[in-house]
Amino acid sequence: MVAFGKKLRETQIQEWQGYYINYKFLKKKVNRYAHQIEVGDVDRPSILRDFSRLLDCQIEKIVLFLLEQQGVLARRLFILGEQRDALLEQQEDGSKASELQEAYRGVGRDLLRLLFFIEMNAIGLRKILKKFDKRFGYKFMDYYVKTRADHPYSQLRQVFKHVGFGAVVGTISRNLSVLKDHQGSYVSIYDQPTLSHPDPIIDSINVAVHRLSNSTTFLHYVGKHALIMQEELPTPSEEGDDAEHRYHFMSLMLNLANTFLYMVNTYIIVPTADHYSLSLGAAATVCGVVIGSMAVAQVFSSVYFSAWSNRSYLKPLLFSSIVLLMGNTLYALAYDLNSLSILLIGRLFCGLGSARAINRRYISDCVPLKLRMQASAGFVTASALGMACGPALACLFQTDFRIYRITFNEDTLPGWFMALAWLVYLLWLWICFREPPPVPTEKTSSHGAKSGFLAIANDAVENGGTQPLLLNSKAKSDDGDEDEQEDNGDDELDKTQKPVTSIVSAYKLLTPSVKVQLLVYFMLKYAMEILLAESSVVTEYYFIWSTNTVAIFLACLGLTVLPVNIIVGSYISNIFEERQVLLASEIMVCVGILLSFQIMIPYSVPQYVGSALITFVSAEVLEGVNLSLLSRVMSSRLSRGTYNGGLLSTEAGTLARVIADGTITLSGYLGEHWLLNATLLPTLFICIASITATCFTYNSLY
C-alpha cells in the first residue's frame, strides 16, 4: 500500500481531525524501534510493551470521541422524537412530516460520516499492526487483537464491531416509516418487518455497517468459497453502489442456473463413462480421457470467456449454451455413430462452453455489495447441488430403447437430457436475461479522490500481510524522506491499481503464500478428480457395483458439501484459526489417500467408502478455507479485469483435473488391478508436497 498517511490526511473530516489514529506518528515509532534493535539500545519485550501502550492510547482517543458523537446523535433523535409525538397528536398536514423525515435523514447522513470515521481508523490500525509484524517477524497483531477484543472492558470492540449503532439505525428506520405513512395512524415496523428499510438512507447505512463488519458466519464462509473478490470499504457518502443500477434479479438467477447446469453436465457422465468407452471398443480406463477432455477445453474457454465479459454478459452466455447444446448432442450421437472421436469432440465442446468465469464475474460486477455475499454463497450452493444431482440423475436413465435410428440408453441419455436442458435454458436466457449497462471507466464527481483512496486502502488490507507497506522496503525515519516517498507513491498509484493485462503479469503479482495456496487448491482438485473419475472402474473391478450403486455413492458424496460447509462456517472457523484448519484438513486428505491404497487382500467396501469419505470431506473443508485465505492475500489488482483471481483459481483447478484424468488413462495401461495404487501414488506425492510447502510458509499465511 502506498502513501496511506497522506491519503488519510486528505480524506479526514476536518472538524474531527484531531481524533483520527495518528498513523504517521505510529509509523515513525515502528521505524525507530527497528533502528533501536539494530544498534542494541532496547530489548524486544520493552518495545512490545511500549507499542501496546501507544495503541491503547490511540484507540481510547478514538472510542471516547465515538461515544461523544453517538451521544450527540442520540440527543438529536430525542428532540426529533418529541417533535414527532407533537405532530401525531396534532394531526397536521404532511408538510411538517416531510420536514421531520428530512431531519431524520440528516441524522442518517451524519451516522454515515461516523461510520466512515471508524472505517479509516480501523484501516490505519490494521495497517500499522501488519507493518509492525512485517518489520519484526512477530505475530503481535494476533496477540493484540485477541487480548483486547475478548476483554470485558474492550475498547477495541467499539472500533471493529461498531457497538451501539444498531439502536440509532433502528430509531431512524422506525421513525421514517412512521412519518412516511402519517395519515393519523401508522403501522409499526415490528408488525410488518418489510417496512424496516423503507428509505434509501437506511440501505446506505446498512451497506456501510455490513462492509465494516468482520464476522465469520456461515454465509460469509460459503461466500468466500466462491473466490469472488469482495471490496472491503464503502464510500464515505451516501452515494449508491455502482452495481445497484446494473442488478437484475432474474439475470442473477439465470447466472446461478448456468452454474448449476454446468456442474450437472460435468458429473452426470461419471457413473457411465467407463461403460460408454467399452461399448465403443476402448478400454474402461479411457473414461479418464472422456471425463478430462471437458476440463482440457475449459482451460482455454475460461480465458476467452473472462475477456468477453469485459464487453458483454448475455452474448457469451448465449454462446456457452449453444456450444453445450451441440456438445451434448454429439456426445449422445457417438453411440450410434460408433465413434470414440465424436464422443471426445462432444466433451471438448462441453468444455468450450464452460462459463464459470462469466458466472463469477457477473456476481462481482453486477450484484450490489449488500447482496454480493449472498450471491456468492448461492454460487457455491448451486455448484454443490449440481455436483450431487449429476450422478443422481444417472440413476434415472437405466433403460434401453430406440426411436428411428437413435438409441436411448444409460450411456446416451445423459447427453440427450443435458442437450434438452441447455435448449430450455437457452430460450429462458434469451427471453429473461437483461444485459447490464457498461461499467463507467472512471469515477466522476468530487468523490474521485476518496474513491481512489478506498481502492488503495482495500489493497492495503488484502496485501498488508504479504507485501511491503511502502514502495521502498527500507523505512526511513526522516520526515522529508517519508513525504517524498509518499509523493512518489502517488505517481505510481494509477499503475498499481490497473488490472493486469496478461497471465504472466498476473503470475508476477503472486506472493509466495498465494502460490502455496494455489498449490493446495491444485492438490485438492487433483485428489477429488482421481477419486470421482475412477470410481466407476475401481468399484466395478473390486466390488462389481452396478451403475446405480456408483451413481448413488457419488451423489451421497456430493450431498456432503453443504452440511460440511455449515459445520465449518458456523462452528469450526469460529473456534480455530483458518491456518490451523487448513493444515489439519491437508493432513486428513493425506490420511484418506493412505487409507485408500490396496494393501490387504481382499479390498473391502468399508475401506474404500470410508477412505473416500475422509478424502472428499477433508478436501471440501480444505477448499473452503483455502479460497477464503486466497481472497484475503491476493492482490486487489486481481479482483477485476480478464486475468483476475477467480480465473487463476479456475485454471489451477482445471489443470489439476486434466492431469488427474490423464493419470487415470495412463495408469490403465498397467492393468485394472494396478489402477488404484498407480493413481494414488502421485496423489500422495502432491499432497505431501503441499503440506511441506504450507509448513514452510506457515508464518506468511496470515
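Is Leu427 buried or exposed, and what is its relative accessible area? Leu427 is exposed, with a relative accessible area of 52%; exposed means over 50% and buried under 20%, with partly exposed in between (1.4 Å probe, protein chains only).

Keep in mind that this is a predicted model, where local features need pLDDT of at least 70 and side-chain atom pairs count only at pLDDT 80 or more, while totals for chains, interfaces and linings use all residues. Residues are numbered from 1 along each chain as its sequence is written, and side-chain values use heavy atoms, leaving out hydrogens and water.

Leu427 sits in helix 17 (residues 413–432); helices here are DSSP runs of H or I with at least four residues, strands are E runs of at least two, and both are numbered from the N terminus.

Now for the inside. A nonpolar core is a set of buried Ala, Val, Leu, Ile, Met, Phe, Trp, Tyr and Cys residues joined through side-chain atoms within 4.5 Å. Here are two of them:

| Core | Residues | Some members |
|---|---|---|
| Largest | 122 residues | Leu429, Phe433, Val589, Phe616, Leu638 |
| Second, separate | 53 residues | Ile59, Leu87, Val107, Phe117 |

Take Val589: leaving aside residues up to four places away in sequence, its contacts (heavy atoms within 4.5 Å) include Met523, Ala527 and Cys687.

Finally, look at strand 1 (residues 400–403) and strand 2 (residues 406–409), which pair in the antiparallel sense over 4 bridges; pairing takes at least two bridges found by DSSP. Phe401 stands opposite Phe408 in strand 2.
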